[in-house]
Amino acid sequence: MRYHKLDLNLLTALKALLTEKNVTRAGEAVHVTQSAMSGILARLRDYFGDPLIVQVGRKMELTSLAESLVEPVNDVLLRIDATIATRPEFDPLITRRHFSVVASDYSISVLLLDVLRRVHRDAPGMSLEFRNPSESAPAELEAGEVDFIVNPESQNSPLQSGAILFEDTYVIVVDAGNSEVGDSIAIEQYLALRHVAFKSGRHGLPHFETWMANRYGDERRVEVVAHSFYLLPRLVVGTARIATMHTRLAKQLAGSLPIRLVRPTFDIPRLVEVLQSHKYRDLDPGSMWLRDVIIEGARALPPLEN
């Protein structure tokens with residue numbers, strides 16, 4: 001199909017080229033050979049009257065025109081995909097839909113495990129893929145490469161609406177035999193102790209770690225860094241180290257680990273977890289069904305103790 005002399009079948013290939021900036025990788029993304037993708041790039045260059053991808057030093061870079069095409073091409077393809085995927089009726093019992101969800105192991109443990117059980121019962125043919133949070137997740141949501149993100153409110157994509165799921169507080173976790181720390185801890189003692197801290201990926205910091213860095217800089221003595229919230233309490237067992245983690249998850253794990261929960265006497269901002277999906281999915285009954293299941297699961301969570 002052509003529109004203003006452009007073969008619309010080339011749009012998917014154009015998106016791959018703009019994303020990968022490499023003919024070979026773009027061909028792999030759309031399952032065509034390198035020679036075929038080279039031919040497609042030649043046709044696109046001819047249509048736009050622009051090279052689109054050029055070599056700068058040892059790297060391939062997008063031209064100014066190609067940079068300006070990234071957002072509108074993604075937008076057009078996502079609109080088409082949302083329109084085609086949308087069905088007037090949705091039956092969870094017979095659906096074979098697949099959804100991708102960006103969520104931390106914390107969100108999965110506290111909320112999404114129960115959601116998965118509901119999906120297993122009510123939509124047995126539905127499949128889900130969980131992806132780790134990353135700095136690129138908002139861009140992946142904008143491009144339609146993921147369906148949902150469960151993230152702290154402070155990390156929301158500003159272009160998409162979100163539904164608040166639940167709130168959480170923070171608690172200090174210590175080994176059950178730790179005699180250095182009592183039932184509560186003040187900021188002076190907290191900063192003087194040895195810590196297990198969380199970090200996501202190369203640069204990512206979660207809600208608490210970002211707040212701590214902004215408020216106290218590098219005053220903490222961090223001895224161990226973990227890339228899983230689930231590991232934090234395990235890494236204090238048998239040591240004098242402490243870890244700061246979400247209260248809901250800490251209470252879950254306290255029953256199976258030799259740890260003790262300690263209340264901080266200094267104020268830590270609450271965490272607000274939000275569910276985001278792309279606005280173009282708002283009329284898709286399948287997406288709406290899963291979104292409602294996630295929101296209902298969040299409403300069923302026990303209230304926080306003050």
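The model is predicted, with local features requiring pLDDT of at least 70 and side-chain atom pairs pLDDT 80 or more, while totals for chains, interfaces and linings use all residues. Residues are numbered from 1 along each chain as its sequence is written, and side-chain values use heavy atoms, without hydrogens and water.

The open sheet has five strands in the order S6-S5-S7-S15-S8, with mixed pairing. Strands are DSSP runs of E with at least two residues, numbered from the N terminus, and two of them pair if DSSP finds at least two bridges between them. S6 (127-131) and S8 (162-168) are the edge strands; each has a single partner strand, so one side of each lacks a neighbour in the sheet. From one strand to the next, the twist averages 20 degrees. Five bridges join S6 in the parallel sense to strand S5 (residues 98-102); Ser100 has Glu129 in S6 as its bridge partner.

Across the whole structure there are 10 aromatic pairs. Rings of Phe, Tyr and Trp (its six-membered ring) pair if their centres lie within 6.5 Å; planes under 30 degrees apart are stacked, over 60 edge-to-face, and the rest tilted. Phe198 and Phe229 are stacked, at 3.8 Å centre to centre and 5 degrees between the planes. Phe198 lies in strand S11 (residues 194-198) and Phe229 in the loop between strands S12 (221-226) and S13 (242-246), 31 residues apart.

Key:
Helix = DSSP H or I, 4+ residues; strand = E, 2+ residues; numbered from the N terminus. Axes fitted to C-alpha atoms, helices over the stretch in contact; angles between N-to-C directions.
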